[in-house]
Amino acid sequence: MKICVLPGDGIGQEIVGQALRVLDKVGDKFGNTFETTEALIGGCAIDAEGVPLPADTVAKCKDSDAVLLGAVGGPKWDTIDPAIRPEKGLLGIRKELGLFVNLRPANLFKQLSDACYLRPDIVARGLDVIVVRELTGGIYFGEPRFDGVKDGERFGYNTMAYHEYEIRRIAKIAFEVARKRTGRVCSVDKANVLDVSRVWREIVIDEHKNYPDIALSHMYVDNAAMQLVRDPSQFDVIVTGNLFGDILSDEAAAITGSIGMLPSASLGESNPGLYEPIHGSAPDIAGQDKANPLATILSLSMMLRHSFDMDEQAECIDLAVEKTLEQGYRTGDIMQDGCKAVGCIGMTESVLANL
Ligand code: NAD
């Protein structure tokens, strides 16, 4: 199995480096061979090649079975030409690989329930949601778009547009994901106001005819944002468009209180999937052995599960992470009274021992 590794900027190098140690150990333990190749993306690519996504990186990714990404960006590149900002590398690779779906699990490890921002009685009902976000359409890519001057004053607009095929394929994935969980999908839209959302809802309902075993519900996005805080246990799988998904997946993640713990997967039809932690490059702690590597290690677990059908190996990583938390090891971002402080390397050592 060929994996293209894109460490990126800031803590990217550290967390990806540690995750690869876990991959090696899994390979040894299960007799799997993983071949890795590294490439540049984001700020480091701008420094080396003048662009955030060099052609060589795209070629290496396309030639792989899966891609593991750290994070991109940092203050060094905040003021450069917006056309070549590090984030353009991320949007670019998603587009190049045709990654139209973003799977964003937000679950709470019971050992970290103190970190959760919700009341204990609400958390006790459960927090295990996965947001299935459409990634290559909607308002982020819709044309026409405009940023300029009209009638002597600043004026701008974007277009939220969805084709039936885009809605149908993401709905299909949401129903498939739900089948492996508790079988409930909530489709989030703004069908009371937006025409595009009425099309979205109609197609989701139509696609649902192929999944009679799945319970489908619908919710307006403003209500969904509220319900996620009031009672997240009512959700299993949330499927939604690019903009609403961007916001709701971050909200769900933030509720858990542990940004350093959450992985994500971006998948396409047949191209390699891309796996990355949801957090950024954390320039404030970069190079200090303070970063929590668990979100990246759990992204690796998602890769084994979704790209390589290695459920047993993935489960093994998940359990090793859980045991590490059980043993009280904590990086600074998830530190609790009475726990043992470790750095990025120390946390990984413990996961390796538990593997
Ligand atoms: P961030 O996620 O990098 O950091 C937010 C806070 O969380 C910081 O205090 C950071 O120290 C902490 N944090 C994040 N990940 C951590 C980890 N693994 N372990 C311990 N602490 C962790 O978000 P930001 O500060 O808004 O952005 C910093 C840079 O990252 C910006 O340039 C931004 O554009 C970029 N960014 C990149 C991605 C990505 O690559 N997918 C996502 C978000 C932000």
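**Aromatic pairs and the overall fold**

The structure holds six aromatic pairs, where rings of Phe, Tyr and Trp (its six-membered ring) pair if their centres lie within 6.5 Å, with planes under 30 degrees apart counted as stacked, over 60 as edge-to-face and the rest as tilted. This is a predicted model, in which local features need pLDDT of at least 70 and side-chain atom pairs count only at pLDDT 80 or more, while totals for chains use all residues. Residues are numbered from 1 along each chain, and side-chain values use heavy atoms, without hydrogens and water.

Let's start with F34 and F308. Their ring centres are 6.3 Å apart and their planes meet at 35°, so the pair is tilted. F34 sits in the loop between helix 1 (12-30) and strand 2 (35-38), and F308 in the loop between helix 10 (294-306) and helix 11 (311-326), so the pair ties together parts 274 residues apart in sequence. F34 counts as buried because its relative accessibility is 15%; buried means under 20% relative accessible area, exposed over 50% and partly exposed in between, with a 1.4 Å probe and protein chains only. F308, at 13%, is buried as well.

Now turn to F146 and F155, a tilted pair with 6.0 Å from centre to centre and 50° between the planes. F146 is partly exposed at 34%, and F155 is partly exposed at 33%. Ring pairs link F146, F155 and Y157 into a cluster.

Stepping back, 53% of the 355 residues of the protein chain count as buried. The C-alpha atoms fill a box of roughly 60 × 50 × 40 Å along the principal axes.

Notes
Helices (H or I, at least four residues) and strands (E, at least two) are DSSP runs, numbered from the N terminus.
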